[in-house]
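Q: Please take a close look at the salt bridges here, and explain the terms as you go.

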Amino acid sequence: MAKNQNQSARTTLEEVNESLTTAAQRIEDNKKYINWALIAIAVIALLAIGYIYGIRNPNMQKAKDQIGKADLELLQGNQDEALKDYEKVASEFGNKPAERAHLNAAILLYQKGEYEKAVKHLEDYSASGNLIAPASQSLLGDCYVNLKKLDKAVIAYDKAISMAGDNDAYAPAFMIKKATVLHEQKKYAEEADIYQTILDKYPMYGQQTGFSVEKYLERANALAGK
């Protein structure tokens with residue numbers, strides 16, 4: 001009996017030792033992969049640091065310097081020179097200053113009546129911010145209106161309205177722009193719905209801006225046969 005117990009204990013110990021030996025071997029084998037992984041991570045980190053300090057930061061500063069020059073030209077009333085500088089920054093860089101350059105170039109091009117070029121800059125502009133983002137989409141809609149692309153204008157105004165959220169100055173203004181386009185498309189019932197929504201959600205807008213929402217609602221309802 002004792003012999004059997006000793007044999008059983010020996011067998012168990014052998015199994016444990018074998019298991020530990022196998023585990024140790026696996027750890028030893030895995031060390032190679034772990035070391036290679038650590039080396040790879042270190043290389044990636046060095047590349048990232050090199051990019052940030054060797055490429056991104058100098059490019060960021062260069063873009064800031066160039067857009068600062070464009071801003072100065074604009075302040076001095078040299079719109080054509082400012083536009084050239086903004087377009088240069090927009091084409092040469094892909095960072096935050098370049099984003100603003102796209103937007104500023106689009107504004108100047110819109111003022112010059114070059115709507116197709118303005119649209120291209122706005123399409124390359126990544127809208128962000130509670131005020132700038134919806135305003136940029138509204139400007140895109142204005143460009144499409146002038147290009148007689150009314151369906152695209154409505155889409156742009158819808159985005160502007162959505163981005164504006166409950167902003168009681170922006171949202172109703174963009175809604176009125178959309179309603180104006182719907183009127184041109186003879187979609188009078190949809191136009192009326194927008195004016196009614198403005199009255200319901202932003203009852204003070206007309207009084208604050210001098211825009212007679214009621215008058216345009218009455219006109220739209222009449223044309224819609226209501």
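A: A salt bridge is a side-chain nitrogen of Lys or Arg within 4 Å of a carboxyl oxygen of Asp or Glu. This is a predicted model, in which local features need pLDDT of at least 70 and side-chain atom pairs count only at pLDDT 80 or more, while totals for chains, interfaces and linings use all residues. Residues are numbered from 1 along each chain as its sequence is written, and side-chain values use heavy atoms, leaving out hydrogens and water.

Under this rule there are ten salt bridges, one of which joins the side chains of Glu81 and Lys84 at 3.8 Å from N to O. Both residues belong to helix α2 (residues 79–92), where they sit three residues apart, about one turn of the helix (helices are DSSP runs of H or I, at least four residues, numbered from the N terminus). Glu81 is partly exposed at 37% relative accessibility, whereas Lys84, at 53%, is exposed (buried means under 20% relative accessible area, exposed over 50%, partly exposed in between, with a 1.4 Å probe and protein chains only).

Another salt bridge pairs Asp71 with Arg100, whose closest N and O atoms are 2.7 Å apart. Because Asp71 lies in helix α1 (residues 2–75) and Arg100 in helix α3 (residues 96–111), this pair ties together parts that are 29 residues apart in sequence. Asp71 is partly exposed at 22%, and Arg100 is partly exposed at 35%.

Asp158 and Lys178 also form a salt bridge, with 2.7 Å between the closest N and O atoms. Asp158 is in helix α6 and Lys178 in helix α7, so the pair ties together parts 20 residues apart in sequence. Here Asp158 is partly exposed at 33% relative accessibility, but Lys178 is buried at 17%.

Methods
Helices (H or I, at least four residues) and strands (E, at least two) are DSSP runs, numbered from the N terminus.
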